[in-house]
Amino acid sequence: MERREHPVIQNILGRRSIRKFTLTPTEPDVVHILLECAFAAPSAHNRRPCRFIVIQRREILDQLSIAHDSGKMLAEAPLAIAVCADTSLYPEGDTAWIEDGAAALENILLAARALGLEGVWLKIMGRHPREERVCPILKVPAHIKVIGIAALGYPAEEKAPHYGIDNNAVYKDCWGGEK
């Protein structure tokens with residue numbers, strides 16, 4: 001098998017932001033695997049700050065679709081997972097929990113694709129007024145930051161996989177180095 005044809009590589013290259021979903025509910029074992037993959041993400045100093053809110057109630061998904069200015073697909077998604085971080089686990093000024101949460105969110109999206117679902121990453125943290133609108137709906141306490149939400153479901157649209165690299169964005173050995 002050619003290296004590029006490896007199933008993991010194909011899964012990564014095929015992952016696209018999908019915003020249209022069928023009405024098919026997501027099975028409990030699929031949700032469990034998605035969470036297991038989220039917990040497998042790397043964590044700075046193994047602090048494991050990530051917390052997850054599994055959202056399947058239609059009224060909550062609908063509220064979030066209105067609260068998030070780019071989240072209208074939540075109104076048709078059968079599942080969303082909010083990736084949060086307990087910032088109290090890190091010293092003052094240490095924001096490694098951001099990367100921890102980002103890694104967990106990407107693991108969710110890649111695992112979803114491997115299981116036949118698709119999804120889209122909705123940014124929350126630091127995005128005014130999204131954060132102020134979404135956090136009360138999810139009832140998160142002040143020391144918890146909602147990094148983002150993965151809107152997930154069985155796809156009702158398809159997009160071509162990624163292909164190639166942008167050579168203008170690649171340098172060798174240092175910034176501005178040989179291309």
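Q: Which residue in β4 is the bridge partner of G119?
A: In this predicted model, G119 bridges to L152 in β4.

Q: What makes β3 and β4 a pair?
A: Pairing takes at least two bridges between the strands. Six bridges join β3 to β4 (residues 144-153), so the two count as paired. They run antiparallel.

Q: Where does β3 sit in the sheet, and what makes it an edge strand?
A: The open sheet has four strands in the order β1-β2-β4-β3, with antiparallel pairing. β3 (118-123) pairs on one side only, and so does β1 (50-55), which is what puts them at the edges. From one strand to the next, the twist averages 25 degrees.

Q: How do you know that helix α2 packs on the sheet?
A: Contact means heavy atoms within 4.5 Å, and α2 (residues 28-39) touches β1, β2 (79-86) and β4. Its direction makes about 160 degrees with that of β1.

Q: Which strands does helix α4 lie across?
A: Helix α4 (residues 96-114) lies across β1, β2, β3 and β4, and runs at about 10 degrees to β4.

Q: Why are C37 and C174 called partly exposed?
A: The label covers the range between buried, under 20%, and exposed, over 50%. C37 has 27% relative accessibility and C174 has 48%, so both get the label.

Definitions and conventions: Residues numbered from 1 in each chain as written. Predicted model: local features only at pLDDT ≥ 70, side-chain atom pairs only at ≥ 80, totals over all residues. Heavy atoms only, no water. Axes fitted to C-alpha atoms, helices over the stretch in contact; angles between N-to-C directions. Buried < 20%, exposed > 50% of the residue type's maximum accessible area, 1.4 Å probe, protein only.
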